[in-house]
Amino acid sequence: MQQGMVVNLDTTIALSSAKISLEMNLPMADCIMLATAQSYDATLWTQGSHFRGIQGVQYTEKRS
C-alpha cells in the first residue's frame, strides 16, 4: 500500500469513466478506478467478478 500514489480525479479521467460506464454498464465508482488505472497504464487488481475479462484488469476469485 505504501508504494501506491494518490491521483486527482481530473476531467480526462471523469469523462473516460462516464464512457466506460455507458459502454460496459458498470457502476461509476468501478469505472473511475478502471479509467484511472488505464490512464496510468497500470493493472487494476480486483476480486469484483464484473471486471472479469476486461483488458488491464487482474481478476482473482474470492476464497470461501
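The model is predicted: local features need pLDDT of at least 70, side-chain atom pairs count only at pLDDT 80 or more, and totals for chains, interfaces and linings use all residues. Residues are numbered from 1 along each chain as its sequence is written, and side-chain values use heavy atoms, with hydrogens and water left out. The protein chain has 2 helices and 2 strands, where helices (H or I, at least four residues) and strands (E, at least two) are DSSP runs numbered from the N terminus.

**Overall form**

- The elements run α-α-β-β from the N terminus on.
- Along the principal axes, the C-alpha atoms fill a box of roughly 40 × 30 × 15 Å.
- Of the 64 residues of the protein chain, 28% count as buried; buried means under 20% relative accessible area, exposed over 50%, and partly exposed in between (1.4 Å probe, protein chains only).
- The accessible surface comes to about 5,200 Å², and 51% of this belongs to carbon and sulfur atoms; such areas come from the Shrake-Rupley method with a 1.4 Å probe, and for residues only the protein chains shown count as cover.
- Among contacts with a separation of 6 or more, 16% are accounted for by residues 24 or more positions apart, a contact being heavy atoms within 4.5 Å.

**Helix α1**

- Helix α1 has 14 residues and reaches 20 Å from its first C-alpha to its last, close to the 20 Å expected at 1.5 Å a residue; the expected span is 1.5 Å times one less than the number of residues.
- Its buried residues are Ile13, Ser17, Ile20 and Ser21. They lie on the same side of α1 because they cover an arc of only 100° around the axis, the arc being that of the directions from the helix axis to the C-beta atoms.
- An α-helix has 3.6 residues a turn, so residues three or four places apart point the same way.
- The buried residues of α1 pack against α2, while the face turned away from the buried side carries the exposed residues Thr11, Thr12, Leu15, Lys19, Leu22 and Glu23.
- At the start of α1, a side-chain oxygen of Asp10 comes to within 3.3 Å of the backbone nitrogen of Thr12. This is a polar contact, a pair of N or O atoms within 3.5 Å; within protein, one must be able to donate a hydrogen and the other to accept it, and residues adjacent in sequence count only if both atoms are side-chain atoms.

**Helix α2**

- Helix α2 (residues 28-39) has 12 residues and reaches 16 Å from its first C-alpha to its last, close to the 16 Å expected at 1.5 Å a residue.
- Asp30, Cys31, Leu34, Ala35, Thr36 and Ala37 are buried in α2, and what covers the buried residues includes α1 (11-24), β1 (44-46) and β2 (57-59).
- Thr36 counts as buried at 18% relative accessibility, and its side chain reaches the backbone oxygen of Ile32 at 2.7 Å.
- Not counting residues up to four places away in sequence, Thr36 touches Val7 and Ile13.

**Nonpolar core**

- The largest nonpolar core has 11 residues: Ile13, Ile20, Leu26, Cys31, Leu34, Ala35, Ala37, Leu44, Phe51, Ile54 and Val57. Such a core is a set of buried Ala, Val, Leu, Ile, Met, Phe, Trp, Tyr and Cys residues joined through side-chain atoms within 4.5 Å.
- Helices α1 and α2 each supply at least two residues of this core, and the largest share, 4 residues, comes from α2.
- Leaving aside neighbours within four places in sequence, Leu26 is in contact with Ser21, Cys31, His50, Phe51 and Ile54.

**Selected residues**

- Ser21 is buried, with a relative accessible area of 17%; not counting residues up to four places away in sequence, it touches Leu26, Met28 and Cys31.
- Lys19 is exposed, with a relative accessible area of 53%. Lys19 and Cys31 are 12 residues apart in sequence and 8.7 Å apart in space, C-alpha to C-alpha.
- Asn25 lies in the loop between α1 and α2, has a positive phi near 55° and counts as exposed at 70% relative accessibility.
- Asp41 is found in the loop between α2 and β1. Asp41 has a positive phi of about 50° although it is not a glycine, and it counts as exposed at 74% relative accessibility.
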